[in-house]
There are 2 protein chains.
Amino acid sequence: MSSPLFLTRRKLSDLVAGQIKEWLMSAGIGPGDRLPQERDLMSRFDVGKGTIREALKALEVQGLVRMSTGPSGGAAVSEVRYETAAGLLGNYFYFQELSTEAIYEARRLLEPVTAALAVGHLTEEDFRRLEQLIESCAREPEEIDERRRQRLEELEFHNVLARRCPNPLLSFQCRFINKLLSDVVVFRKMYVPKQRRIAQENHVAHVELLEAYRRDDRERVHEAMTRHMEECSCHVAELEAVVRARFLSDETVTVSLDRQK
Amino acid sequence: MSSPLFLTRRKLSDLVAGQIKEWLMSAGIGPGDRLPQERDLMSRFDVGKGTIREALKALEVQGLVRMSTGPSGGAAVSEVRYETAAGLLGNYFYFQELSTEAIYEARRLLEPVTAALAVGHLTEEDFRRLEQLIESCAREPEEIDERRRQRLEELEFHNVLARRCPNPLLSFQCRFINKLLSDVVVFRKMYVPKQRRIAQENHVAHVELLEAYRRDDRERVHEAMTRHMEECSCHVAELEAVVRARFLSDETVTVSLDRQK
DNA sequence: AGATATTTGTTCGTATGTATT
DNA sequence: TAATACATACGAACAAATATC
């Protein structure tokens with residue numbers, strides 16, 4: 001009656017997943033360490049194969065382990081990747097009423113500080129990438145697809161900077177905001193009027209930022225980014241109001257399922 | 001050769017999960033809608049029971065569906081809850097080097113704006129809750145546990161405000177930061193020197209904030225919160241440097257697993 | 001490069017548990 | 001209470017992938 005076994009109302013697979021997770025979060029366990037194979041886990045937890053597989057699937061979805069087949073395969077502890085975390089968080093905002101205005105409200109706040117903190121952390125490769133992105137966005141786009149690609153590259157410019165911000169929280173938040181905006185670009189028609197002038201303004205701003213980074217001028221980066229965000233904010237203000245945050249689905253085949261209430 | 005089926009290297013269960021997710025994200029599908037039962041999904045996707053169960057488990061972990069047994073049970077579409085999203089994101093930061101200084105750097109930035117945006121959105125119940133939290137933190141703590149509880153309630157004070165911020169992004173980010181700090185309080189000894197003076201400063205700040213909210217004085221809320229965050233920042237500066245972001249595990253039983261490299 | 005061993009991935013049949021009616 | 005409808009769980013067998021020799 002007092003045994004923990006009788007108190008569990010949860011699913012067996014969740015219990016197993018929780019215990020493995022606890023082990024995996026304990027001291028000394030880190031990325032690369034391998035879990036016992038399914039057979040051993042089955043006997044250790046005294047559960048069937050399906051249960052173990054559900055537990056491992058749960059950990060896999062969370063990005064905590066990676067599975068592989070073959071000799072020396074199995075589940076291995078994995079550092080949660082940014083893409084995994086961002087995708088999972090994207091699910092949450094799918095159900096929130098998230099307007100582009102709200103996204104930019106956060107962006108105006110976060111991007112200048114994050115960009116300023118990145119000063120002094122850019123590598124030579126980063127600089128080359130930034131130059132390449134600036135140049136790629138400078139050409140007059142011929143097709144609508146090219147225009148879309150340029151908008152995504154403008155966002156990638158900011159991503160390069162955010163990745164170098166030494167504050168993991170701010171870095172993640174900025175990258176996530178850029179991801180949300182990328183999804184907006186991909187899923188919505190983002191060809192605003194006056195797109196020509198906008199592209200030019202972005203170009204000027206990015207060039208100015210690049211120069212400031214080259215000089216390690218934190219003050220100027222902060223100031224330039226603040227102005228840049230103000231401009232972007234204005235451009236976006238004339239866009240549609242409500243956008244449902246989306247993540248890119250990697251599926252192509254669509255299967256219709258019955259909806260039964 | 002060109003068929004998508006031949007291009008898939010992914011697991012069958014992932015394919016199924018992706019397709020169900022695509023259906024679930026399509027227009028007209030929302031929280032509460034029920035998925036077909038396992039039997040039907042098996043025949044529809046032409047896969048075995050284990051595969052379907054793994055797919056549903058993946059969606060369940062993401063918080064997108066909830067499972068239940070019994071008649072009219074099965075998988076039902078669910079809005080992703082804040083707790084789910086925060087827990088999954090917490091996994092990501094577990095592997096990041098996240099110092100309390102970094103957390104406060106983000107907090108100083110986000111909290112004043114988020115708090116200011118919440119002005120005008122507090123309910124009478126919110127006000128009562130805030131008063132209750134202020135009062136509960138005013139008493140001199142007798143035991144160390146009480147002191148810890150008070151610190152958690154100070155954070156809850158900020159959570160009440162963040163929940164009312166109409167910008168979902170800022171609201172989430174502030175609540176998540178508070179969660180990170182809660183975990184710090186729970187998992188680390190947070191009894192700083194001069195804790196007496198700190199508690200009093202917090203009390204004064206919270207009272208001032210409450211008054212400003214009562215008057216719908218957005219300016220003053222912003223200003224008071226900015227000062228409050230500066231103070232908290234200073235207090236925390238004298239704390240241990242690196243903290244690994246944690247989530248509360250709901251398991252109690254510990255099972256040691258072999259570590260095999 | 002090919003064969004083999006190892007380990008996950010998937011299926012099917014069956015039995016049990018649980019909530020609804 | 002009993003019948004029903006559904007998820008949950010076990011176990012054995014087979015398929016597929018992959019590292020190693």
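Visitor: What makes β1(A) and β2(A) a hairpin, and which residue in the turn has a positive phi?

Guide: In this predicted model, β1(A) and β2(A) form a hairpin with five residues between them, and A:Gly70 in the turn has a positive phi of about 85°.

Visitor: Why are β1 and β2 of chain A said to pair?

Guide: Pairing requires at least two bridges between the strands; four bridges join β1 (residues 65-68) to β2 (residues 74-77) in chain A, so the two count as paired, and they run antiparallel. The bridge partner of A:Ser68 in β2(A) is A:Gly74.

Visitor: How do you know that β1(B) and β2(B) pair, and in which sense?

Guide: Four bridges link β1 (residues 65-68) of chain B with β2(B), against a requirement of at least two, and therefore they pair, in the antiparallel sense. B:Ser68 stands opposite B:Gly74 there.

Visitor: Why is A:Gly70 counted among the residues that surround DNA strand D?

Guide: A residue is near a strand if its C-beta atom, placed from the backbone, lies within 6 Å of it; A:Gly70 is one of the closest of the 23 residues that surround DNA strand D, and therefore belongs to that surface. Among the elements giving two or more residues to this surface are α2 (12-25) of chain A and β2 (74-77) of chain B, while α4(A) gives the most, with three residues.

Visitor: What makes A:Ala115 a contact of A:Val221?

Guide: Contact requires C-beta atoms within 7 Å; A:Ala115 is listed with A:Val221 on that criterion, as are A:Leu209 and A:Tyr213, among others, leaving aside neighbours within four places in sequence.

Technical notes:
Residues are numbered from 1 along each chain as its sequence is written. Chains are lettered from A and ligands numbered from 1 in the order in which they are written. This is a predicted model: local features need pLDDT of at least 70, side-chain atom pairs count only at pLDDT 80 or more; totals for chains, interfaces and linings use all residues. Two residues are in contact if their C-beta atoms, placed from the backbone, lie within 7 Å.
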